Number of protein chains: 2
Amino acid sequence: MLSEHTRILVESIKRLLRRGATTHLRKILNKSHAADLSAVFRSLPVADQRKLFDLFEDAEKKGALISELDKDTPLELIESMELDDIVEMLDHMPADDVVDLIGRLPEDKSDSILEKMKKEGSEAVEGLLRYGDDTAGGIMVPDFITLKENTTAKEAIESLQKEHMDVEMPFYLYVVDEYGKLAGVCSLRQLVVVPPETPLKNFMKPDVFSVRTNTDQEEVAKIVARYDILAVPVVDETNRLVGIVTVDDVIDIIREEATEDILKMAGAGEEFIETQSVFRSTRIRLPWLFASCLGGIIAFFVIGRFESSLSKLTYLAAFIPVIMGMGGNIGTQSSTIVVRGLATGRLNVRDIWRVVCKELTVGLVLGLIYGMIIGSVAQARYDTGLLAIAVGLAVISSMSIAGLVGSLVPMAFAKINIDPAVATGPFVTTAVDIISVFFYFEIATTFLGI
Amino acid sequence: MLSEHTRILVESIKRLLRRGATTHLRKILNKSHAADLSAVFRSLPVADQRKLFDLFEDAEKKGALISELDKDTPLELIESMELDDIVEMLDHMPADDVVDLIGRLPEDKSDSILEKMKKEGSEAVEGLLRYGDDTAGGIMVPDFITLKENTTAKEAIESLQKEHMDVEMPFYLYVVDEYGKLAGVCSLRQLVVVPPETPLKNFMKPDVFSVRTNTDQEEVAKIVARYDILAVPVVDETNRLVGIVTVDDVIDIIREEATEDILKMAGAGEEFIETQSVFRSTRIRLPWLFASCLGGIIAFFVIGRFESSLSKLTYLAAFIPVIMGMGGNIGTQSSTIVVRGLATGRLNVRDIWRVVCKELTVGLVLGLIYGMIIGSVAQARYDTGLLAIAVGLAVISSMSIAGLVGSLVPMAFAKINIDPAVATGPFVTTAVDIISVFFYFEIATTFLGI
């Protein structure tokens with residue numbers, strides 16, 4: 001939810017836009033933080049976003065806003081700008097955000113931007129474009145502070161005063177050997193604490209965590225989170241330092257990955273789509289529902305097999321929802337616990353049998369409890385002991401099987417390196433639905449002798 | 001999943017434990033990072049954890065491990081320690097972790113620890129115990145660097161060399177006025193860059209983001225994430241600086257909150273429970289299933305009302321699973337999108353009608369598509385035009401209602417300040433199940449004239 005502060009800002013800007021109060025708008029825009037403005041932009045139609053965007057006075061502010069908007073940046077904003085202005089704006093943005101933006105533009109546009117940037121000497125961005133979007137290379141920034149091992153603390157401070165002014169994370173100084181290979185790290189803090197003539201190699205920390213350019217971003221996030229560091233250096237195949245990933249990007253990754261997992265499990269795509277058109281949301285959500293449709297049709301044929309029994313005891317149909325519902329819900333609980341446990345590292349694929357046994361047991365225990373409750377309802381309504389037992393048993397079997405399937409499926413997918421979040425949702429619900437209905441009718445027809 | 005490095009560590013330690021190779025174990029323990037050791041501890045039974053824990057040589061290492069284990073720390077480890085050793089260990093831990101740990105201990109134990117700590121002059125912890133667990137006060141650390149406005153850069157550097165050696169986040173220096181109120185912030189970086197005689201107030205940033213001690217931790221995390229800062233200062237009611245929340249704790253909060261939301265939506269509790277006993281998991285998951293049981297029983301009575309129609313056309317029962325399944329799944333998609341959207345700030349409660357209309361439309365469009373598919377299956381199987389139309393219409397109404405309910409319920413809960421994640425799951429599935437079944441039978445009996 002928006003904070004009070006942002007809410008007021010959004011409303012003032014909307015009001016001023018309606019009134020066309022350009023001077024006033026320009027003043028507000030130039031003194032607001034880009035993070036707050038991004039919230040304003042997100043809640044405006046594209047036409048208004050363009051109007052506002054044109055009011056910015058300097059390229060740096062524009063760049064900061066685009067960095068914040070990230071994937072929500074309407075390409076219309078960029079496409080209507082002059083090439084020179086675009087390049088000037090990009091010059092003020094962190095390289096990882098530039099790469100993201102360029103990657104989204106139509107090819108002819110991005111080519112001409114890159115060419116222009118190259119002419120002006122910013123090769124860093126083109127370098128970054130080589131790496132996969134979701135790898136350390138794709139999210140790193142190429143601005144960092146490197147110093148040689150023999151530099152003294154005093155010289156290091158002097159170099160900070162002269163250069164490195166626009167480095168994103170100036171708190172770590174990376175120490176490299178004569179071949180440019182990462183040798184250690186020291187903190188800005190240490191520089192001011194040690195005697196000025198101490199060479200860096202005397203107080204640097206030589207065992208520094210680093211990742212490769214092709215390390216998956218989720219892995220990078222785990223390292224930063226696990227070791228409580230503010231930035232992790234990225235090295236190429238020869239251990240040469242090529243960039244750093246900073247903690248603020250890691251926070252974004254952790255958020256994104258959580259959103260992705262949540263949405264995937266519900267079969268609602270990977271990226272947040274509420275802001276997208278009805279057509280796009282429909283298309284993204286369609287395939288997942290197809291799995292469940294197929295499962296429903298299979299259940300339909302399963303029940304069809306028992307049509308003659310059903311015609312003798314119509315009321316059997318009335319228990320279908322409760323048996324399916326109980327199985328489905330406990331299956332969702334189990335699979336959610338397992339998927340999230342695997343994602344956060346609390347569960348490990350090697351523990352597959354321990355976890356599955358536990359979920360099966362929980363399913364069985366809960367099945368006993370709810371089997372008795374639902375069996376009692378059946379008894380109260382139809383006063384047929386055998387029916388009550390059959391319904392109770394069906395609930396027990398449905399819930400234990402759901403616990404089993406709900407934990408086994410994501411574990412098995414993880415084992416064969418298929419993303420458990422994406423595969424689990426449709427598979428588990430569909431399987432549990434079919435199995436529950438089948439067991440219910442098998443048990444009921446056997447017990448009631450029909 | 002565990003990294004390769006941790007996996008090897010876990011296995012070596014397990015092997016050495018079996019062999020009772022104490023000297024070797026002690027060596028490994030003392031040179032491993034606490035974050036890695038916490039993974040080892042998590043995968044060992046409590047008895048082994050105690051054995052290992054006793055092998056640590058210094059209190060600082062013990063403290064670092066307990067900080068990492070956080071809520072997974074078995075209280076047995078602490079309870080078997082001498083009071084003196086506990087206090088020595090706590091002295092080496094960040095205050096927020098100490099508070100967490102003390103809060104989990106039995107009251108008599110925690111009282112005697114606090115008394116002992118007080119005698120030794122560490123009042124900070126007792127101060128922190130006053131704040132709610134999930135507030136800025138509960139997660140802040142009371143160690144930070146404050147300097148007066150008139151201090152010069154040179155004096156500031158000198159003070160860094162003399163004191164503040166064990167501050168957690170030495171990159172920000174908070175500037176306070178003569179009454180101790182927060183006046184601004186400057187970075188360590190600036191200190192070394194400006195001329196030495198410049199007073200802090202000339203280059204500090206006076207508009208510093210701060211939070212109150214009672215600000216919810218989720219709100220704190222949003223501020224840190226939004227403005228890309230490494231720490232946020234916490235002030236009391238009189239704007240006096242009392243602590244800071246650092247970005248590493250924010251990462252933990254973001255993770256925890258995402259896990260909490262995911263689990264709540266599946267009705268699987270709030271905290272990750274896979275590591276808990278079967279009994280506890282059962283107890284946590286029981287109530288949520290009760291809602292779905294109740295819904296199933298209501299659906300049972302709804303179908304009971306149509307028993308005479310069912311006895312004429314038994315095959316109507318066969319469509320129950322597919323109609324319930326389609327409604328349930330699209331309802332889950334809608335509610336997941338809305339709950340996550342609200343949590344990440346991508347959706348706002350004020351947009352309630354726009355969002356609900358969109359989800360209703362998506363439900364209708366998808367309902368049309370799947371209504372035709374499922375209607376065709378009915379037609380192919382029973383060759384009754386009216387039945388096919390009735391089934392198709394039931395799918396359409398079930399799916400549009402599910403889109404409506406799935407988005408309206410979490411939005412409405414958020415509007416009246418009930419956590420949408422916790423309330424949505426059981427409510428939506430149950431409501432959609434009952435409504436779907438009811439509409440299906442109403443439509444079918446009307447069309448087929450039974």
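This is a predicted model: local features need pLDDT of at least 70, side-chain atom pairs count only at pLDDT 80 or more; totals for chains, interfaces and linings use all residues.
Residues are numbered from 1 along each chain as written, and chains are lettered from A in the order written.

Q: Why is helix 19 of chain A called roughly antiparallel to helix 16 of chain B?
A: The axes of helix 19 (residues 320-344) of chain A and helix 16 (residues 247-265) of chain B cross at roughly 165°. Angles over 145 degrees count as roughly antiparallel, so that label applies to this pair.

Q: Which residues meet where helix 19 of chain A touches helix 16 of chain B?
A: A:Thr336, A:Arg340 and A:Thr344 meet B:Arg255, B:Thr259, B:Ile262 and B:Leu263; contact means C-beta atoms, placed from the backbone, within 7 Å.

Q: What puts the buried residues of helix 4 of chain B on the same side?
A: In helix 4 (residues 46-55) of chain B, B:Gln49, B:Leu52 and B:Phe53 are buried (20 or more other C-beta atoms within 10 Å of a residue's own). They cover an arc of only 100° around the axis, so they share one side of helix 4 of chain B. Their packing partners are helix 2, helix 3, helix 5 and helix 6 of chain B.

Q: How many residues does each chain bring to the contact, and which helix gives the largest share of chain B's side?
A: Chain B brings 92 residues and chain A brings 93. On the chain B side, helix 19 (residues 320-344) gives the largest share, 16 residues. By class, that side has 56 nonpolar, 24 polar and twelve charged residues.

Key: Axes are lines fitted to C-alpha atoms, for helices over the stretch in contact, and angles run from 0 to 180 degrees between N-to-C directions. Helices (H or I, at least four residues) and strands (E, at least two) are DSSP runs, numbered from the N terminus. Angles under 35 degrees count as roughly parallel, over 145 as roughly antiparallel, 65 to 115 as roughly perpendicular and the rest as oblique. Two residues are in contact if their C-beta atoms, placed from the backbone, lie within 7 Å. A residue is buried if 20 or more other C-beta atoms lie within 10 Å of its own, exposed if 12 or fewer, and partly exposed in between; C-beta atoms are placed from the backbone. The arc is that of the directions from the helix axis to the C-beta atoms. Ala, Val, Leu, Ile, Met, Phe, Trp, Tyr, Cys and Pro count as nonpolar, Asp, Glu, Lys and Arg as charged, and the others, Gly among them, as polar.
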